[in-house]
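Subject: Structure handover

Hello,

Here is the structure you are taking over. Please open it beside this email, as the notes below follow it part by part.

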Amino acid sequence: MNKFWPIFFMFWPILAIVSFVIAPGMDWWFPGPAMSPLGEQIDNLFYLILVIVAVTFVGTHVALGYVLWRGVDNKDQKAWFSHGSHNLEILWSIAPAGILMFISLYQLDVWMEFRVKTHFPEGTTPVAEVTARQFEWRIRYPAPGKKLMTTPQSDDLYTVNDLHVPFGRPVSIRLRSMDVQHAFFLPELRVKQDAVPGAVIPVWFEASKPGEYDLTCAELCGWGHYKMRGRVFAENESGFEQYLETLQAEQNFDGVTQPEHTGAQIAEYGIEDSQ
Amino acid sequence: MSTLNPAADASAHAHDVHGHHEIGFVSKYIFSTDHKMIGIQFLFTTLLMLIVGGSLALGVRFQLAWPWRAMPVVSQVAELAGGPTFVAEGGQISPEFYTMLFTMHASVMIFLVIIPILAGAFGNFLIPLMIGADDMAFPVLNMLSYWFMWPAIVCFGLSFTVGGLNAAPAQGWTSYPVLSAIVDSAPGAGDAQTWWLMGLTFVGVSSMMGSVNYMTTIINMRAPGMTLFRMPLTIWSMFITAILQAFALPVLTAAGFMLLTERTLGFNFFVPGGLIVNNGDPTVGGGQPLLWQHLFWFYSHPAVYIMLLPAMGMVSDMLACVVRKPIFGYKPMVYSMAAIAGLGFIVWGHHMFTSGMNPALGMTFMISTMMIALPSAVKVFNWIGTIWGGKVTFNTVTLNCVAFVSMFIVGGLSGIFMAAVPVDIYFHDTYFIVAHFHYVLFGATLFGCFGAIQFWFPKMWGRMMSERLGRLHFFLTFIGFNGTFFPMHLLGIAGFPRRYADPYIHPYMEHLMPMNQFITICAVIMGVAQFLLIGNFVLSIFYGKKAGRNPWNANGLEWTAPSPPGHGNFDILPVVYRGPYEYSSPLVDGRDYLMQTERLNPAAEAVDNPADDATTDPGSDS
């Protein structure tokens with residue numbers, strides 16, 4: 001019975017390890033594999049730290065369990081009279097210092113690539129300006145064939161919550177906030193960046209596959225923080241161009257004139273272009 | 001009755017013990033200047049606030065498990081009482097109310113529970129007793145530091161009511177501007193936020209009075225022979241915490257005032273120009289929102305150590321006693337606490353990795369943050385080393401101390417993920433963070449406090465707390481705690497963001513609802529278990545087994561005083577001959593403790609014992 005508590009204290013770490021082992025199978029894990037090259041690197045760094053941490057966790061808990069188990073058994077009249085060991089202190093200061101230093105230096109490249117402008121991948125093109133606002137994402141694209149300018153142009157295209165980007169190459173957005181602080185979070189792409197009022201922050205990402213990705217807000221922005229849901233659509237180049245053209249046609253529609261049929265409509269309704 | 005020279009004053013002091021018998025009820029129990037009574041007042045207040053903060057947390061948990069359902073019990077009670085908000089909303093938690101719930105949960109737990117229970121309750125009660133002083137250096141200041149808590153509680157309380165439950169402070173405990181600076185930005189950003197900021201200021205004033213007092217007391221009022229390196233680790237931790245507090249707190253207070261002036265006088269520290277908040281007029285601007293984050297975290301990161309170091313110190317003392325062994329590596333323990341405190345000042349930026357600050361800062365803050373894990377690791381190894389070769393008996397104190405070590409390992413290791421900037425890009429503001437800091441603040445600090453309550457209770461009341469209830473409380477709390485917070489790591493990995501009133505509108509989180517329901521059930525178990533603690537505490541005051549002076553056979557000075565100590569603490573002025581951890585010393589036969597005040601061999605000890613010079617110049621040793 002006197003072994004109950006050492007067993008009790010060892011039961012939990014084992015349960016912790018077991019739950020981490022079964023978690024991916026139970027879908028208690030990342031929302032899918034990383035959908036961007038940078039995201040894959042982040043995941044790899046996560047797994048590296050997870051291994052180091054798991055070894056330390058098991059090691060310290062085995063040690064804790066062992067000393068508790070032996071401590072309960074201790075039939076000596078007195079406990080071991082020891083004030084510590086200088087050599088051990090040196091050892092367990094230097095060893096973790098080395099490991100921690102390794103972890104932090106090993107992380108720097110990915111961080112530089114993500115955040116330091118001069119280290120952005122070559123050919124990163126700005127596709128849109130995303131302005132966060134309570135509680136939506138306002139998106140401004142340049143007109144098809146034009147470049148994104150820092151100041152809004154008369155032919156810019158606007159939309160809300162749905163951000164379309166081409167996949168397979170790095171693109172960047174100009175992230176702004178119109179009111180309070182928000183954060184641009186793409187869980188599947190492992191991208192997160194706060195939108196700070198008064199600042200324009202370039203954020204780059206690359207969707208490796210076409211698809212629809214979640215866009216959520218990760219910084220408390222008021223009562224409707226939770227419902228600030230957007231989507232990122234990664235498309236091929238022509239799909240992206242077509243989307244911009246459709247958007248332009250919609251935006252230029254004066255409500256009277258028959259709009260020019262856009263490529264998307266042709267595909268959708270099979271309408272022949274009259275010209 | 002305090003003096004810089006306790007030895008020379010000892011005879012005058014004896015008279016005081018008699019002179020103070022006639023203290024009236026008010027000055028004995030309410031406006032008391034006795035550090036023990038103030039400590040007990042702090043303890044009662046913080047336990048009361050623990051219930052408040054815990055209830056708020058259960059509200060949060062209910063919404064996450066069963067979003068938009070009528071709250072059981074609470075909605076019925078509100079209906080009976082005619083609470084307009086709840087009836088109008090059918091007992092639902094509105095999103096405004098939800099944001100207020102987590103904001104106030106954090107504010108109450110941090111500012112009214114954890115900081116005051118460690119520094120206020122245990123710091124006050126233990127410092128003079130453990131260093132052999134008759135009271136704090138500034139007893140009246142000490143009394144004020146308790147009574148400045150109450151304006152804070154009133155301000156926080158008023159902030160609930162000035163705008164109704166849907167317009168209480170709801171900007172998170174971090175209160176990031178612009179949300180907290182502009183009245184129109186959220187329902188709770190009006191008067192409620194102003195009251196909240198004033199509450200924060202009062203808490204700060206209270207803590208500041210405490211820390212000035214602790215530093216002075218520890219530096220000046222140690223008993224003869226109590227050199228710095230004979231101080232118990234509890235005292236070291238309180239000392240280091242007081243220094244941290246004194247240097248970091250003014251920054252928060254200043255930031256709070258800046259925000260107040262911004263809100264009430266139209267200053268512009270934090271709000272940039274041209275913002276259109278809630279379709280209002282554009283802001284005039286000139287400010288910079290990141291300034292608040294830097295100022296806030298410059299205090300609030302050291303505050304994390306303010307909320308942890310005293311528990312580390314107390315656990316070190318308790319652990320050595322319950323395993324009957326000297327602490328393993330006393331000096332490394334002291335140095336590592338000092339290192340944590342020193343590094344604690346240069347790691348605040350790790351709360352801001354995704355904030356858009358200069359990326360070069362992200363790198364430096366990552367390295368300093370990783371380095372702060374080092375002294376924490378050294379402490380863990382030393383605690384395990386302390387148990388190594390000890391004689392372990394599992395009473396409530398042992399259980400809570402071992403839980404402290406085990407939970408601190410989890411909380412410390414999960415911190416490494418967040419310290420690594422690229423990984424933090426993903427984990428920032430997800431439930432992984434929530435899991436991490438609850439493992440540190442609840443798993444470590446509160447288990448340490450539960451142990452400390454059990455351990456020093458006999459010194460407070462002269463009676464023991466019930467072992468059986470204590471173990472049952474520990475058992476349920478530990479299971480409930482792990483069931484609540486461990487799955488949050490997995491939620492975080494799944495990308496579950498913090499502070500969402502209804503995460504399930506996002507398809508990628510829909511499947512996480514059952515896990516949240518499990519968490520909520522565990523949280524209820526944990527919450528209910530705290531009534532065992534309260535019950536045990538209150539009943540034991542009246543019906544507990546009588547305790548003598550030294551029920552744990554411990555070494556510290558506090559155990560030489562009567563239980564409970566009278567006014568002035570010690571009937572015989574203690575003189576210290578050795579450190580506090582001489583358990584199982586081979587110098588004595590037949591018992592495994594050797595108190596700090598025991599003089600074994602005058603001839604041998606006189607050689608290097610400053611205590612023998614005490615009568616001539618006690619203040620200048622060390």
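**The sheet in chain A**

Chain A has an open sheet of 5 strands with mixed pairing, in the order E3-E2-E1-E5-E8. Two strands pair if DSSP finds at least two bridges between them; strands (E, at least two residues) and helices (H or I, at least four) are DSSP runs, numbered from the N terminus. Strand E3 (157-160) and strand E8 (201-205) of chain A each have a single partner strand and stand at the edges, so one side of each has no neighbour in the sheet. On average, neighbouring strands are turned by 25° against each other, direction ignored.

This is a predicted model: local features need pLDDT of at least 70 and side-chain atom pairs count only at pLDDT 80 or more, while totals for chains, interfaces and linings use all residues. Residues are numbered from 1 along each chain as its sequence is written, and chains are lettered from A and ligands numbered from 1 in the order in which they are written.

Strands E1 (residues 125-133) and E2 (residues 136-141) of chain A run antiparallel and are joined by 5 bridges. Arg140(A) in E2(A) is the bridge partner of Glu129(A).

**Domains of chain A**

The domain assignment, which is automatic or from a database, gives domain 1 (4-71 + 96-117) and domain 2 (125-253) of chain A. Their centres, taken over C-alpha atoms, are separated by 33 Å. In domain 1 of chain A, 10 residues are in contact (C-beta atoms, placed from the backbone, within 7 Å) with 11 residues of domain 2 of chain A.

**The core**

The largest nonpolar core has 276 residues, and Ile131(B), Met318(B), Phe404(B) and Ala420(B) are those with the most contacts inside it. Such a core is a set of buried Ala, Val, Leu, Ile, Met, Phe, Trp, Tyr and Cys residues joined through C-beta atoms within 7 Å; buried means that 20 or more other C-beta atoms lie within 10 Å of the residue's own, with C-beta atoms placed from the backbone. Helix H6 (residues 95-131) of chain B gives the largest share of this core, 25 residues. Domain 1 and domain 2 of chain A both give residues to this core, so it lies between them.

**Where the chains meet**

In chain B, 91 residues are in contact with 78 residues of chain A. H14(B) gives the most to the side of chain B that touches chain A, with 16 residues.

Regards

Notes. Buried ≥ 20, exposed ≤ 12 C-beta atoms within 10 Å, placed from the backbone. Axes fitted to C-alpha atoms, helices over the stretch in contact; angles between N-to-C directions. Contact = placed C-beta atoms within 7 Å.
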